[in-house]
Amino acid sequence: GGGARTVRARRAPMATFAQTLTGIVRDARKKEGERKHQAQKWLAHESKLLDEGVDAFKRRCMRAAEEERCEASVSFEVLTRDISRFPTRVVTDSTHLVDDWGDGAAAWWYYAHRGTMTAWTPGTPVMFAELLESMMPKFLEKVNELGFNKCLRIAGTWKVVASWQPPGGKGGDAGGGAEPAPKRSRND
């Protein structure tokens with residue numbers, strides 16, 4: 001009877017509303033998928049930047065070794081100046097903000113480091129320190145693979161200190177023994 005008609009009358013608009021919700025979910029997933037793709041683009045770009053940073057770090061360590069030192073203290077922030085197309089900064093109201101993203105994009109970085117649930121708002125300022133901080137753990141991971149005795153970040157700074165074995169083995173004096181240690185080629 002009449003009760004069945006009432007149920008049918010209610011189902012038609014609800015099915016349409018449910019279909020609308022399904023469409024909203026599909027669109028949201030598609031947008032998030034696009035954001036995840038952008039995040040992956042940043043991670044690939046960041047890896048190239050960090051590889052260049054590791055090369056610059058190795059050059060600084062080579063310089064220290066040539067000066068007969070067995071330790072180098074290098075600022076990650078200073079190293080970024082030696083990385084081609086590394087994002088640059090500008091000082092605005094005493095705050096260092098990312099100015100130019102080089103070959104990357106702010107949205108890529110945002111999705112890689114803040115997640116893909118919320119859309120990036122173009123023009124939103126990013127603090128340069130936040131960019132550096134987001135890269136620092138991966139940089140440390142990469143330089144730790146170089147086989148140093150010690151390699152760590154000085155707390156509260158951008159400095160990374162690395163030390164290596166002095167000639168003559170453990171605890172040998174930095175002045176060396178009777179014979180200098182064989183020189184390693186720069187290709188090592």
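Here is a short chat about the core and the aromatic pairs of a predicted model.

Q: Before we start, what kind of model is this, and how are residues numbered?
A: The model is predicted, so local features need pLDDT of at least 70 and side-chain atom pairs count only at pLDDT 80 or more, while totals for chains, interfaces and linings use all residues. Residues are numbered from 1 along each chain as its sequence is written, and side-chain values use heavy atoms, leaving out hydrogens and water.

Q: Which residues touch the most other members of the largest nonpolar core?
A: Those are F57, F86, W101, L131, F139, V143 and V160, out of 38 residues. Such a core is a set of buried Ala, Val, Leu, Ile, Met, Phe, Trp, Tyr and Cys residues joined through side-chain atoms within 4.5 Å; buried means under 20% relative accessible area with a 1.4 Å probe, protein chains only.

Q: And what does W101 touch?
A: Its contacts (heavy atoms within 4.5 Å) include W42, H45, R85 and W109, not counting residues up to four places away in sequence.

Q: New topic: how are the rings of Y110 and Y111 arranged?
A: Their centres are 5.4 Å apart with planes at 80°, so the pair is edge-to-face. Phe, Tyr and Trp rings (six-membered for Trp) pair with centres within 6.5 Å; planes under 30 degrees apart are stacked, over 60 edge-to-face and the rest tilted.

Q: Buried or exposed, that Y111?
A: Y111 is buried, at 7% relative accessibility, and Y110 is buried too, at 12%.

Q: What about F148 and W164?
A: That pair is tilted, 6.0 Å centre to centre with 45° between the planes.

Notes. Buried < 20%, exposed > 50% of the residue type's maximum accessible area, 1.4 Å probe, protein only.
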